[in-house]
Amino acid sequence: MADRLNLVVIGAGPGGYEAAIEGAKKGMKVALVENRELGGTCLNRGCIPTKTILHTADLYHELQAGPSIGLAVSGAEVDMNAVQIRKGEVLEQLRKGIASLMRMNKISVYYGTGTIIDRNMVKVTMTKGEAAEGPVMLETDHILIATGSVPACPPIPGSDLPGVVTSDGLLEKTDMFEHLVIIGGGVIGMEFASVYTALGRKVTVIEALDRILPGMDKEIAQNLKMILKKRGAEIHAGAKVESIQAAGDGSGLICRYVEKEKPCEARADGILIATGRKAYTEGLITQESSHQIQAMAMERGRIVINEYYETSVPGIYGVGDVTGGIQLAHAATAQGRNAVSHMAGEIMEIRTEVVPSCVYTSPEIGCVGISADEAKEQGRPVITKKYLMSANGKSVLSQQKRGLIKVVADSESHRILGAQMMCARATDMISQFGVAIVNGLTLEDVARAIFPHPTFSEGILEAVRD
């Protein structure tokens, strides 16, 4: 058996590999276990591949408006095979970067499935490298579970038919559906709706709740709906999918749903199920695990943790999607770093209750803190500042549509409590409001700064000044 480790991290997504680096920087001897590729879902089947394809789609869409800005383009088309090659190059470059970080920080990487045998022991069933030599046993002081999530598919009859895919499958396609039905109007569904409408394909969205992006500001959700409808998408909210069937004439698929108590159907050659994600724990706890490990607190398939990210088994921690909550890469990274700080007996310095949420539609959406509606539900007196980006010079010259910035502040102290942005580069700028919230800045504090002109960020100054 190898020398005892200080930390074994199971899962090499953002929550896992960043925690491993944090541990190494604190002088820990660390091992990282991953049964697929470094980078986890975010890098390989989520954030990065989706945004790589979105980048191509947005550029193509802009080209279609070329004549209006004096740009004459003819014969523009999208080669999805080439897009997939480019996506693969991006992913490989970033994977190599993570592998380099592991070497620089002297972190041992084991490619295999990690099973927790006891509170201080992890068994790795190797998938490559030393696979022929059998399982590897890792003895450690601490264990961090960061195994992420996988697409969650509701029990819809016909969901296993050819042409029905999850986000994983859609990201691998080297061609495109001519008509895509998207079941689910959340972030994943809306980003793929943006890709397909930007590339001139027909899109139908079916959402069970009363609006798309149900967890975000109502005005922003309504704006996005209007933009997508203008691009030709059909949006059906308050609609419940009942079944998926193959068309009898071989023309594709039929999605049957009920909207306003009326039976409806949508015909398409492809259906994306984008109804969320569920915790991934396969192989993590087995019959080989001790009674204490098998009794680890779980809730609806998720690992239960306390405020220090520790599970019901002392010394074993959990972060990211596998624990439920906000399923975002940057949230997992922050949680992982905090968890390692707690292991080391240090203060957890990152404010994980203030997490920016981003949607990479066109225009982009960025939100952090609370909205005016949430403040009202909490009975909290607030003031709301709003600036329409149609008056922003950079937005006008770049032909941006229906942009806005909202800022929510305490009505008495004017401390910033939240912000919602829908405009170009919103995902890059929303962190300015995150910094303001965690540092207790007021509207007046932000307004004292000078913002460069002409930029999208000027909208922030105009919003707080109002």
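Reader: What should I know about numbering and which residues count?

Author: Residues are numbered from 1 along each chain as its sequence is written, and side-chain values use heavy atoms, with hydrogens and water left out. This is a predicted model, where local features need pLDDT of at least 70, side-chain atom pairs count only at pLDDT 80 or more, and totals for chains, interfaces and linings use all residues.

Reader: Why is Y110 called buried?

Author: Buried means under 20% relative accessible area, exposed over 50%, and partly exposed in between (1.4 Å probe, protein chains only). Y110 has a relative accessible area of 17%, so Y110 is buried.

Reader: Where does Y110 lie, and what does Y110 touch?

Author: Y110 lies in strand 3 (residues 108–118). Helices (H or I, at least four residues) and strands (E, at least two) are DSSP runs, numbered from the N terminus. Contact means heavy atoms within 4.5 Å. Leaving aside residues up to four places away in sequence, Y110 touches A31, L32, V33, E34, V124, M126, V136 and L138.

Reader: Why does M121 count as buried?

Author: The relative accessibility of M121 is 17%, so M121 counts as buried. M121 sits in strand 4 (residues 121–126).

Reader: What makes H414 partly exposed?

Author: Its relative accessibility is 24%, so H414 counts as partly exposed. H414 is in the loop between strand 22 (404–410) and strand 23 (416–422). H414 also has a positive phi of about 65°, although it is not a glycine.

Reader: Which other residue has a positive phi although it is not a glycine?

Author: L213, with a phi of about 45°. L213 lies in the loop between strand 9 and helix 7. At 3% relative accessibility, L213 counts as buried. Most residues other than glycine have a negative phi, and most peptide bonds are trans.

Reader: What is the peptide bond from S362 to P363, cis or trans?

Author: It is cis, with omega near 5°. P363 lies in the loop between strand 19 (357–359) and strand 20. The bond from H453 to P454 is cis too, with omega near -5°. P454 is in the loop between helix 13 (443–447) and helix 14 (458–465).

Reader: What makes a set of residues a nonpolar core?

Author: The set holds buried Ala, Val, Leu, Ile, Met, Phe, Trp, Tyr and Cys residues joined through side-chain atoms within 4.5 Å. The largest such core has 39 residues, and I182 and I365 have the most contacts inside it. Helix 6 gives the largest share of this core, six residues. Domain 2 (154–274) and domain 3 (363–465) each supply at least three residues of this core. Domain bounds come from an automatic or database domain assignment.

Reader: What does I365 touch?

Author: Not counting residues up to four places away in sequence, I365 touches L213, M216, I220, L224, S357, C358, V359, M421, M422, A426 and T427.

Reader: How do you know that the second largest pocket lies between domain 2 and domain 3?

Author: Both domains give residues to the lining of the second largest pocket, so it lies between them. Its volume is about 1,200 Å³. Of its 31 lining residues, D58, H61, E62, S362 and Q400 are the closest to its centre. Helix 3 gives the largest share of the lining, eight residues.

Reader: What makes a space a cavity, and what a pocket?

Author: The search uses a 1 Å grid over the protein atoms alone. A cavity is a set of points where a 1.4 Å probe fits but cannot get out. A pocket is an open set with protein on both sides within 12 Å along at least five of seven lines. Lining residues have an atom within 4 Å of a point. Grid points are joined across faces, edges and corners, and a volume is the space filled by probe spheres set on the points.

Reader: How many cavities of 30 Å³ or more does the structure hold?

Author: Two. The largest cavity holds about 80 Å³ of space. I53, M80, L170, L171, K173, D175, M176, F192, V195 and Y196 line the largest cavity. The second largest cavity has a volume of about 50 Å³. Its lining is P151, A152, S167, I188, I273, A274, T275, G276 and R277.
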